[in-house]
Amino acid sequence: MRLRVLCAASLLLLVLPAPPASASSGLWQLTDLAAQRVQIADKVAAAKFGTPSPIDDPVREQQILDSVAAKAPGLGLDAAGVVRFFRDQIEANKVVQRGLYARWTEHPATRPPGRPDLGTEVRPVIDRLNAGLLSELAETRDARARRSCDVRLAVTVRLTDARRELDRLHSGALAESVRSACVRR
């Protein structure tokens, strides 16, 4: 099944290299925002690497989960499902951070030259992406409830991965970040 999905995604790359203009009712924007959130993990890692700040930040993580859970009902979303989706976002981000820490420790020359400020440079971007993801969860409610969601999401992830030219670390994290996007009935 996975091979079939990957082959279909590869064929679609030839025909459909970018999201269609009518992507709002599909999974394109949701997946692209998740990819951006996976990529911002590089800056989070750069901000924390070599400092006492740990990768895991339970207080910040809980703030995010509480915030999205509180907003979910107003968007017609199940709070538990939204929390599950954002927990996947957070865990995918930490996968990237751990992978980069390992890479930078093994190959010090690949370390980032600067250290972005988490509070002023990185977290505002994450907050904006989280707001977009929450909005897209509401916009894609019908698409995520279809029986074909898993296959469509797998193809969308593969296309987004290729379009953004993600490396193996970020590609795997992207797949993890949207694993609970489809609504199970």
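# A chat about an all-helix model

Me: Gly50, buried or exposed?
Reply: Gly50 is exposed, with a relative accessible area of 72%. The label applies because exposed means over 50%. Please note that this is a predicted model.

Me: Where is Gly50 found?
Reply: Gly50 sits in the loop that lies between helix 2 and helix 3. Helix 2 is followed by this glycine, and the phi of Gly50 is positive, near 80 degrees.

Me: How far apart in space are Gly50 and Thr105?
Reply: The C-alpha atoms of Gly50 and Thr105 are 9.8 Å apart, although 55 residues separate the two in sequence.

Me: And Phe49, what does it pair with?
Reply: Phe49 forms an aromatic pair with Trp104. The arrangement is edge-to-face, with 5.3 Å from centre to centre and 80 degrees between the planes. Phe49 lies in the loop between helix 2 and helix 3 and Trp104 lies in helix 4 (residues 79-106), so the pair ties together parts that are 55 residues apart in sequence.

Me: How are the rings of Phe85 and Phe86 arranged?
Reply: Their centres are 5.5 Å apart and their planes stand at 80 degrees, so the pair is edge-to-face. Phe85 counts as buried at 1% relative accessibility, and Phe86 counts as buried at 0%.

Me: How many aromatic pairs does the count come to?
Reply: The count comes to three aromatic pairs. As for clusters, Phe49, Tyr101 and Trp104 form one.

Me: Let us change topic. How many disulfides does a search of the whole structure find?
Reply: The search finds one disulfide. Cys149 and Cys182 form this bond, with their sulfur atoms 2.0 Å apart. Cys149 lies in helix 7 and Cys182 in the segment after helix 8 (168-177), so the pair ties together parts that are 33 residues apart in sequence.

Me: Which hand does the Cys149 and Cys182 disulfide have?
Reply: The torsion about the S-S bond is about -80 degrees, so the disulfide is left-handed.

Me: Are the two cysteines buried or exposed?
Reply: Cys149 is buried, with a relative accessible area of 1%. Cys182 is buried too, with a value of 5%.

Me: Which other residues of helix 7 are buried?
Reply: Besides Cys149, the buried residues include Leu153, Val155, Thr156, Val157, Leu159, Thr160 and Asp161.

Me: What is the span of helix 7?
Reply: Helix 7 covers residues 149-164, and its end C-alpha atoms are 22 Å apart. That agrees with expectation, because 16 residues at 1.5 Å a residue should span 22 Å. The expected span takes 1.5 Å times one less than the number of residues. Helix 7 is followed by Glu165, whose phi is positive, near 55 degrees.

Me: How far does helix 2 reach?
Reply: Helix 2 (residues 28-48) has 21 residues and reaches 31 Å from its first C-alpha to its last, close to the 30 Å expected. Helix 2 is mostly covered, with 16 of its 21 residues buried.

Me: Now Glu61. Where does it lie, and is it buried or exposed?
Reply: Glu61 lies in helix 3 (residues 58-71). Glu61 is buried, with a relative accessible area of 16%, and this label follows because the cut-off is under 20%.

Me: What does the side chain of Glu61 make a polar contact with?
Reply: The partner is the side chain of Lys94, at 3.2 Å. Leaving aside neighbours within four places in sequence, Glu61 is in contact with Asp56, Ile90 and Lys94.

Me: Finally, the protein chain as a whole. What does its secondary structure come to?
Reply: The protein chain has eight helices and zero strands. From the N terminus on, the elements run α-α-α-α-α-α-α-α.

Me: What percentage of the residues count as buried?
Reply: Of the 185 residues, 43% count as buried. The accessible surface of the protein chain comes to about 10,000 Å², and 55% of this surface belongs to carbon and sulfur atoms.

Me: And the contacts with a separation of 6 or more, what share comes from residues 24 or more positions apart?
Reply: Such residues account for 85% of those contacts in the protein chain.

Terms used:
Residues are numbered from 1 along each chain as its sequence is written. This is a predicted model: local features need pLDDT of at least 70, side-chain atom pairs count only at pLDDT 80 or more; totals for chains, interfaces and linings use all residues. Side-chain values use heavy atoms; hydrogens and water are left out. Helices (H or I, at least four residues) and strands (E, at least two) are DSSP runs, numbered from the N terminus. Buried means under 20% relative accessible area, exposed over 50%, partly exposed in between (1.4 Å probe, protein chains only). A polar contact is a pair of N or O atoms within 3.5 Å; within protein, one must be able to donate a hydrogen and the other to accept it, and residues adjacent in sequence count only if both atoms are side-chain atoms. Contact means heavy atoms within 4.5 Å. A disulfide is a pair of cysteine sulfur atoms within 2.5 Å. Rings of Phe, Tyr and Trp (its six-membered ring) pair if their centres lie within 6.5 Å; planes under 30 degrees apart count as stacked, over 60 as edge-to-face and the rest as tilted. Accessible areas come from the Shrake-Rupley method with a 1.4 Å probe; for residues, only the protein chains shown count as cover.
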